[in-house]
Amino acid sequence: MSPLEAPSGSANGTAGDVKLVKSAERTIAILELVAAAPQPLTTAEIFKLTGYPRSSLHWLLLTLLELNWIEQTPEGAYRIGTHALLCGTAYLDRDPVMEHVSGILEKVRNATSFTTHYARLDRSDVIYLATRQAVDRRRLSSRVGRKLPAQVTALGKAILSEYTDDEVLQRLGPGPYTQLTPKTVTGFDALQTELAEFRKTGHAVEWEQNTVGLCCVSVVVPYRIPGTDAMSCSIPVELATDDVLVGTVATLQSAAAELARTLRTAGIR
C-alpha cells in the first residue's frame, strides 16, 4: 500500500473478526493520511485518496479541525495537529521499554559514530521510537514517529526474520511492495531469500533500499519471542567497509543483549 493510500478495510466494514465502526475507521484513516503526507493535503486531494462521500468527509474534517487533531494552512489545506503530537508523546512516555532505550542508543552512537535508531514492528511497518544522531548531522536526518514499510528497512527485516515465511507472507502479502529506491526489494521471493540469510547471521543488512547513499545494519532486541523491537545503525555507503560492518554489528549485538537483560530483569515483556 502506498504511504498516501487510506486503508480501505473490507466491504462489510470488518477487519479480521472485528466489526469496524465506519465513522471511527474513516477518522483514523484521515489522520494517518494527513500525518503521512509530505505536504498539507487539500479537501479535494483527501477525497481523491479516500473516496469517502463528500458530505461525510466535510464533517469529519471540521470535527478534527475543531478538536485540534488537524490544522489548516492559510491556503486551506490540512496538516496534522497538536493533539496528535500529544498522543504520540504520551505513548513514548508510558511505554516501559523506552526509559531504558536512551542510554543504550547513546552508547552505540558514541561507539560507532553513526546515527542509531530504535524501532518496533507495527503490522507490515516499522515505527521509529527513538533516534540518536551522528555527530556529523549532514549524514542523516531521521525523526521519531516515522513509519516505513518493514521490508525496506534493516530494522524491519531483522524483526521479520524472527517470523516464519508464512507469518511474513500473512503480514506483508505477496507484493509488489512499496518501492522507495531502485534497490528496494518489492517481491516476496526476494525478501524470503534475504530473511533466510539474516536468520543464519543474526543480523539484517540493507544497501540503499530505503535511502540512496546509505547502508543500514540491524539486530533484534531479544526480550520478546518472537522479537518486536530492533536497533540499527545507518552508515554512508562510502564508509561501509567489511571491517566497519563487522564492528558495527558486534556493537549492536552487545547493546541489544544488554538492553534485553535489563528489560527482563525489570519484568518487561
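I looked up Cys216 first: at 8% relative accessibility, Cys216 counts as buried (buried is under 20% relative accessible area, exposed over 50%, partly exposed in between, with a 1.4 Å probe and protein chains only). I noted that this is a predicted model, where local features need pLDDT of at least 70, side-chain atom pairs count only at pLDDT 80 or more, and totals for chains, interfaces and linings use all residues. Residues are numbered from 1 along each chain as its sequence is written, and side-chain values use heavy atoms, with hydrogens and water left out.

I then checked for disulfides (pairs of cysteine sulfur atoms within 2.5 Å) and found zero. Cys216 is in no disulfide, and its nearest cysteine sulfur, that of Cys215, is 7.0 Å away. Cys87 is partly exposed, at a relative accessible area of 44%.

Next I turned to helix 5, residues 101–112 (helices are DSSP runs of H or I, at least four residues; strands are runs of E, at least two; both are numbered from the N terminus). Its twelve residues should span 16 Å at 1.5 Å a residue, and the end C-alpha atoms are 17 Å apart, which agrees; the expected span is 1.5 Å times one less than the number of residues.

Which residues of helix 5 are buried? I listed Val101, Ile104, Leu105, Val108, Arg109 and Thr112. Just after helix 5, Ser113 has a positive phi of about 75 degrees.
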